[in-house]
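Please keep the structure open beside them as you read.

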Amino acid sequence: MRINLRVWRQPGPNGEGTLVAYSAADVSPDMSFLEMLDAVNEGLIAKGDDPIAFDSDCREGICGACGFLINGVPHGPDPGTAVCQLHMRRFRDGDTLVLEPWRARAFPLVKDLVVDRSAFDRIIQAGGYTSINVGGAQDGNAILIPKPVVEQAMDSAACIGCGACVAACKNASAALFTSAKISHLALLTQGHVEKDRRAVAMVERHDAEGFGSCSNEGECEAVCPKEIPITNIARMNREYLRAMFVARL
Ligand code: SF4
Ligand code: FES
């Protein structure tokens with residue numbers, strides 16, 4: 001296949017950016033999307049040009065490092081799929097694909113398709129850690145937690161922190177990410193003790209980082225590669241309000 005690319009190139013945070021056209025030739029349908037970009041970069045390097053900067057690490061959908069917009073959609077057209085899991089067989093010979101970085105004030109651009117997502121790290125840091133003493137390793141069934149609760153906690157913990165939810169949101173809100181992190185600890189017995197303090201600290205850090213408010217549009221859920229449900233946002237709001245007005249933190 002031959003794929004026409006239009007890639008956002010920007011040398012740095014303060015440099016001027018523009019879309020640059022590239023042609024990816026001899027693309028195998030079995031290539032992953034990032035392998036296709038690797039091949040384009042090898043061609044650029046061979047010509048002495050600057051390769052396209054993009055993030056990746058695990059390349060199997062578990063680390064959250066990768067992510068950019070493909071034709072305006074975070075992680076591209078396949079639901080529940082990070083861009084590193086996307087394959088070129090999803091596209092047709094002659095397709096034109098526009099690649100752009102996440103666009104949000106709280107994710108300043110580093111270079112080309114790479115943005116700084118350290119705001120997510122600071123939200124997690126604000127949550128602190130579970131400081132209660134749970135003693136030694138428990139027997140398997142010593143802390144009985146209903147299976148539906150365990151499943152919800154695990155589903156929330158699946159968030160890989162990629163930032164696609166922010167990129168899809170017209171308010172650039174990180175509510176889905178923050179609520180997933182709040183939920184997965186709040187739901188489990190071990191996380192109950194500090195859940196009020198944690199919810200308030202993480203929501204306040206979210207706002208301080210410059211992310212917008214959630215207005216229940218649902219784009220975040222639609223593009224999330226881990227299909228984190230927006231019911232987490234409702235839980236976060238309940239946790240926050242309860243902490244502010246009942247626990248009076
Ligand atoms: S909620 Fe989904 S889209 Fe948002 S950071 Fe987590 S995995 Fe990525
Ligand atoms: S590179 Fe790890 S999730 Fe895509």
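1. At 62% relative accessibility, N216 counts as exposed (over 50% relative accessible area, with buried meaning under 20% and partly exposed in between, for a 1.4 Å probe and protein chains only). N216 sits in the loop between α7 and α8; helices here are DSSP runs of H or I with at least four residues and strands are runs of E with at least two, numbered from the N terminus. The phi of N216 is positive, about 55 degrees, although N216 is not a glycine. Most residues other than glycine have a negative phi.

2. A word on the ground rules: this is a predicted model, in which local features need pLDDT of at least 70 and side-chain atom pairs count only at pLDDT 80 or more, while totals for chains, interfaces and linings use all residues. Residues are numbered from 1 along each chain as its sequence is written, chains are lettered from A and ligands numbered from 1 in the order in which they are written, and side-chain values use heavy atoms, with hydrogens and water left out.

3. Please look at H75 too, another non-glycine residue with a positive phi, of about 70 degrees. H75 belongs to the loop between β4 (73–74) and β5 (96–100). Is H75 buried or exposed? With a relative accessible area of 0%, H75 is buried.

4. R117 is a charged residue in the loop between β7 (114–115) and α2, and its relative accessible area of 15% makes it buried. Leaving aside residues up to four places away in sequence, R117 touches D55, G64, A65, C66, W102, F107, G161 and C162 (contact means heavy atoms within 4.5 Å). Its C-alpha is 5.4 Å from that of F107, 10 residues apart along the chain.

5. On a 1 Å grid over the protein atoms alone, a pocket is an open set of points with protein on both sides within 12 Å along at least five of seven lines, a cavity is a set where a 1.4 Å probe fits but cannot get out, and lining residues have an atom within 4 Å of a point. Points are joined across faces, edges and corners, and a volume is the space filled by probe spheres set on them. Helix α2 (residues 118–127) gives the most to this lining, with four residues.

6. The largest pocket has a volume of about 200 Å³. Its lining has 13 residues, and A175, S213, C214, M236 and N237 are the closest to the centre. Two or more lining residues come from each of α5 (175–186), α7 (195–208) and α9 (231–246). By class, the lining has five nonpolar, seven polar and one charged residues (Ala, Val, Leu, Ile, Met, Phe, Trp, Tyr, Cys and Pro are nonpolar, Asp, Glu, Lys and Arg charged, and the others, Gly among them, polar).

7. How many cavities of 30 Å³ or more does a search of the whole structure find? The search finds two. The largest cavity has a volume of about 120 Å³, and C169, C214, G218, C220 and I233 are the closest to its centre of the 15 residues that line it. The second largest cavity has a volume of about 90 Å³, and of its 14 lining residues C159, G161, C162, C165 and C224 lie nearest the centre. Its lining divides into 11 nonpolar, two polar and one charged residues.

8. Helix α5 deserves a look of its own: 10 of its 12 residues are buried, so α5 is largely enclosed by the rest of the structure. Among the buried ones are L176, F177, K181 and I182.

9. Finally, the largest nonpolar core has 34 residues, and W102, F107, F120, V166, L176 and F211 have the most contacts inside it. Such a core is a set of buried Ala, Val, Leu, Ile, Met, Phe, Trp, Tyr and Cys residues joined through side-chain atoms within 4.5 Å. A second, separate core of 29 residues includes W8, M31, F68 and L113.
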